[in-house]
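Thank you all for coming; I would like to walk you slowly through one structure this morning.

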Amino acid sequence: MRWQRRHVLSTEDWSREEIELVLEQATAMLEVLARPIRRTPALRGRTVVLFFAEASTRTRMSFELAAKSLSADTSIITASGSSVEKGETLYDTVRTLQALGAEIIVMRHAASGAPYFVAERVSASVINAGDGWHAHPTQGLLDALTLRGALGDLAGKRVAIVGDILHSRVARSDIHTLVPLGARIALAGPPTLIPSAWREGSAPDGVTYERDVERALDGADAVIALRLQKERQEAGLLASLREYRTAWGITEERAARLRPGVPVLHPGPMNEGIEIDAAVAHGPRSLVERQVTNGVAVRMALLYLLATAGAGAAERLDELAPAAPPTEVPA
Amino acid sequence: MRWQRRHVLSTEDWSREEIELVLEQATAMLEVLARPIRRTPALRGRTVVLFFAEASTRTRMSFELAAKSLSADTSIITASGSSVEKGETLYDTVRTLQALGAEIIVMRHAASGAPYFVAERVSASVINAGDGWHAHPTQGLLDALTLRGALGDLAGKRVAIVGDILHSRVARSDIHTLVPLGARIALAGPPTLIPSAWREGSAPDGVTYERDVERALDGADAVIALRLQKERQEAGLLASLREYRTAWGITEERAARLRPGVPVLHPGPMNEGIEIDAAVAHGPRSLVERQVTNGVAVRMALLYLLATAGAGAAERLDELAPAAPPTEVPA
Amino acid sequence: MRWQRRHVLSTEDWSREEIELVLEQATAMLEVLARPIRRTPALRGRTVVLFFAEASTRTRMSFELAAKSLSADTSIITASGSSVEKGETLYDTVRTLQALGAEIIVMRHAASGAPYFVAERVSASVINAGDGWHAHPTQGLLDALTLRGALGDLAGKRVAIVGDILHSRVARSDIHTLVPLGARIALAGPPTLIPSAWREGSAPDGVTYERDVERALDGADAVIALRLQKERQEAGLLASLREYRTAWGITEERAARLRPGVPVLHPGPMNEGIEIDAAVAHGPRSLVERQVTNGVAVRMALLYLLATAGAGAAERLDELAPAAPPTEVPA
C-alpha cells in the first residue's frame, strides 16, 4: 500500500495496513541508524519545526535527532519565551510556523485535540507528539515496533498495561496501535485512575480491565508500566506512593513471577521505586532503552513518509542512500 | 551597485539604492525558498550566532531558518541562563561570541543603541534584530518587500501606520525604509502614543500625522497595524483595550471601507480583537503570512550580502546553486 | 602515540604524552578554523549530545560550534524543562541519551564526580564540561594550548593562579594539565578560599602557595585570574568585593609591574573591576579571547579523538579534509 495521510494525529482510525507500513519503514530506518554514519540525505533542505508547548526532553530530542538523521533543518519553539506567552493565538502561531517554511510541524500541547485544530488550518503536515490525555501516536507505534521485535506477530498476544490509565495518552495510543495488530490488552490500575465506563464492562474491543495487577500479569506476554504523575496523589486520587507501589508497582517480586522472556516496557521518564522497581527497569526483561532507540526510527519513518507522500514505500527505500563517507571531500 | 556595509543596524542612513539592492537579493532568495530543496550551500562552514537578550520567537526562528537555508552553522544564546546573567558585560559577551567564531552576530536587545555599541567593538558583522524602541531594520525591509510585491513601485503610494508609534521600532524602521522608496506615510494613534514633536507638525519628511484613524485610512494604498503592548494600559497611556479597538483598531468595519485590494499588514504577534480584528488578520486583505515568508528571504539576503561583501550582487546570484537532490549520494 | 581513552573526565591521571597529543590535534584544528570554510566532514552523521545540568553559555556554545565544525549532529539538553525536573535519575537520563543515539555526551553538572558515575554506566564517550568544584579538563587543556602559544615550552615556567582556589575546578584542571608539561604553579588568594592542606605546606607537586598576590606575581611568566563567585561574599568568606580587588585583584597597577610580555588569562565570564580590571582584561597582556578560540579547537580535538579512537593521530590529520567550496554544487 501507499502512504496517504497528511498528518499523524492518532492511530485510532488507522488500518492495520497503515500501522504495518510505518513499522516496515521504521525497520528500514533502524538500518540507517546502525550505519557508521547515521544519516541519510532524504530530507535535505526540508524544514521540520518542533513546537513543544508542553515541556519534554526525550520526545523533543527523539524527533530532533530523527529529523537530523534525515538531514532536515530543524528549529525548536517552546512555550516559555515564545509569542505564545505574548498572547498570540495557537492558530496564529502555527500559521506563522508554516509561513516561516515549516513543512512538518511536530507538536506537543497540554490541550487534548490541539493538533487536530491545527491540522485543519495549515497545509503543513502535523505530527502529534502528545496532546493532553488524548493521544501520543508515535509512542504507540514505537511500542508496537518494540513488542514485535520481542514477540514477533502480536496476534493473540496478551499485553498488560498497568498504572494510571485514565490520564494516559500512552495507554490510549498503545491500545489504538496494538489492538489492530491482533494483541489483547489487559488493563490494571487504581479504580480512581481507570475510565469508569471501562471499569464497568464497556472497555474498547480487545481490552479488558482486571481488578488487580496479579490478574493482569497472569499469562501476560508483555507488560507496559505507565508513569505515575505524582500530582495524582495531591489531587486525592492516590493514598500514597508507597501504597501505589505495593498495589500496582511492577516490583522485582512481581517481575520474577512473569514467564521467562516476558518483556517489560515503560514510556519514560520512570519513577523508579514507584511504578517500576529499578531492578526491573534495568534488568534483563527491560526493553526501555530499546523503546528509546525504536522511537527515533519510528519518528524518522513518519517524517519521511509525510515528506515524500505520493511515492510508494518500496521505491522510497531506495532513497535512503548512505551519506558520503566522512573522509571524502564532497565536490 | 555593490554592497559595502559591514553591519545592518538601521536603514535610517541607507540610500534608496542600498534598499533596492537588498530587495533584489531577497527576491532571489524567495526563489531559493520556492525550490523543493530550500537550501543553498552559499554560507557553508560560516557561523551565525543569534544573540537574543530579549525574548522573541518569530524573529529568532526567521533568522535561524534563513541561516540554515544558506547552510550556515547557527548557535543561539538567550539572556536567561547565559553569562549575561552572571554579570558579564555586553562587551565581553560579544567579544566572546566573536572569539568563538561568529562571523555574523544577530542581536536583539532591550536597550536602544546596544547593537551600535557592539558593532563599533567587534570585527564580526552585526545585524540589529530589534533594539528597544529604536529600530528593527529587517522588519522595515520585509515590509517594503511585501508592499512592493502587492503594490509595485511605491512612489507616491500612501501607507497608513496605525497604533503605538511612540514605542514602535517597527514604525521607525518602516518610515526609514518606505520613504526612500517614495512612499508617503500617514500615522495615526492615541496622542499619548505619538512622539510629541511629530504630533505638532515636525514629523519626518514624507510622514504626516492624522488625528483620527479614518483620516489616515482615507485614500490609503496599504495599512500597517502595530502591535499594542498591553503594558501601555497599565502605564496609564490608554483608557482600555476595548476603547483602543473602537478608536484605533483595524476592525472589520474599517477594513470594509478601504478600497478593494488595499492590503493590511501587521508585524506580529497579533492581539486579535484589539489592534486588528481576526476577520481582517485572516481575511483577503491580509499580508501577514506573506510578511513572515518575506522575512526569511530578507534575512537570507542580508546574511548573504554581509558574508560575501566585496563581490557584486550580480555575480553573487550565480552562487545560489541548488543543493544536490536528496536521493543522490554526495561523493 | 595513539589515543586510547574513551572518556575525558579529568586530566589528573593523564600522561604528558596524552596532553601533548591533544594539544597537537588542537593545533591542527586551529588550522581548520582558519579556513574560509570552518568545517570538516570528519564527524558527519555522528551525534553529540550537550547535557548541561548546570547553566553555561560559553562552554555550551564552544562545544556546540566545535561539534558543528566537525559536521556532527548536536542536540542540547538543559536541566530546566527536562525530564531531570520530572524526577528521572541521572542514570536513566544518560542511558536515554545513549539510546537516542548519542555517541559522545558532553556533560556539565553541579555535583563533583557526576561524569564519572555516568562514564561507568554508558558505552558512549563522556566529556566532563565541568563538575562541581572538581574538574574542568577542557579548560585546563585550552589554557595549556594558550600558554604554549604564548610562552613556548612550559618547562620551568612559573604560572600564577590568583583567586578562589578552593571552589575552582578551573584551578584544579590547570594544575593537572600544566604541571605535567613542566610548569610550576604559584597560587594566591584569600586564605578562606585556599584548601587548608595546601595552605599548610601540602600543596600538590609543582604547586606552591604564596601568602600575598605580589609574591605570586613576582617572577611569574603568566597569570591566570579566576572568576570570583559573588556568592562567596554572602557566605562570609570575603569581607567585600572592594577589599577583594585591593588584596587579590589583577589590577592595572599590578599588571604594570609584571615583566613585559607576561600574559594574563581568565576563564570567563569576568567580573571586571573585581578579580581583574577592565584595562587588563582588554589590554595587550590579555589572552582571554585567544582562550575562547583555543577552546573551540581543543574541544574539536577531543571530539575527534574520541569519535575516531583506534586510528593513529598522524593518519587522522589527513582526514580533516576541507569542506567543498560553497559555490560548487555537491553532486
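I will talk about aromatic rings, then a helix, and then a sheet.

Before that, please keep in mind that this is a predicted model, in which local features need pLDDT of at least 70 and side-chain atom pairs count only at pLDDT 80 or more, while totals for chains, interfaces and linings use all residues. Residues are numbered from 1 along each chain as its sequence is written, chains are lettered from A and ligands numbered from 1 in the order in which they are written, and side-chain values use heavy atoms, with hydrogens and water left out.

Let me start with the rings. Searching the whole structure gives 3 aromatic pairs over all chains, where rings of Phe, Tyr and Trp (its six-membered ring) pair if their centres lie within 6.5 Å, and planes under 30 degrees apart count as stacked, over 60 as edge-to-face and the rest as tilted. One of them joins B:Trp3 and B:Trp14, which are edge-to-face, with 5.5 Å centre to centre and 75° between the planes. Both B:Trp3 and B:Trp14 lie in the segment before α1 (16-34) of chain B, 11 residues apart; helices (H or I, at least four residues) and strands (E, at least two) are DSSP runs, numbered from the N terminus. Both tryptophans, B:Trp3 and B:Trp14, are buried, and buried means under 20% relative accessible area, exposed over 50% and partly exposed in between (1.4 Å probe, protein chains only).

In chain C, the ring centres of C:Trp3 and C:Trp14 are 5.5 Å apart with their planes at 75°, so this pair is edge-to-face. C:Trp3 counts as buried at 2% relative accessibility, and C:Trp14 is buried with a relative accessible area of 6%.

Now to the helix. Why is α3 (residues 90-99) of chain A described as largely enclosed by the rest of the structure? The reason is that 9 of the 10 residues of α3 of chain A are buried, including A:Tyr91, A:Arg95 and A:Leu97. After α3(A) comes A:Gly101, whose phi is positive, near 120°.

Finally, the sheet. In chain C, 5 strands form an open sheet with parallel pairing, in the order β7-β6-β5-β8-β9, and two strands pair if DSSP finds at least two bridges between them. β7 (207-209) and β9 (264-265) of chain C are at the edges with a single partner strand each, so one side of each is left without a neighbour in the sheet. Strand β6 (residues 184-188) of chain C runs parallel to β7(C) and is joined to it by 3 bridges, and C:Ile185 has C:Val207 in β7(C) as its bridge partner.
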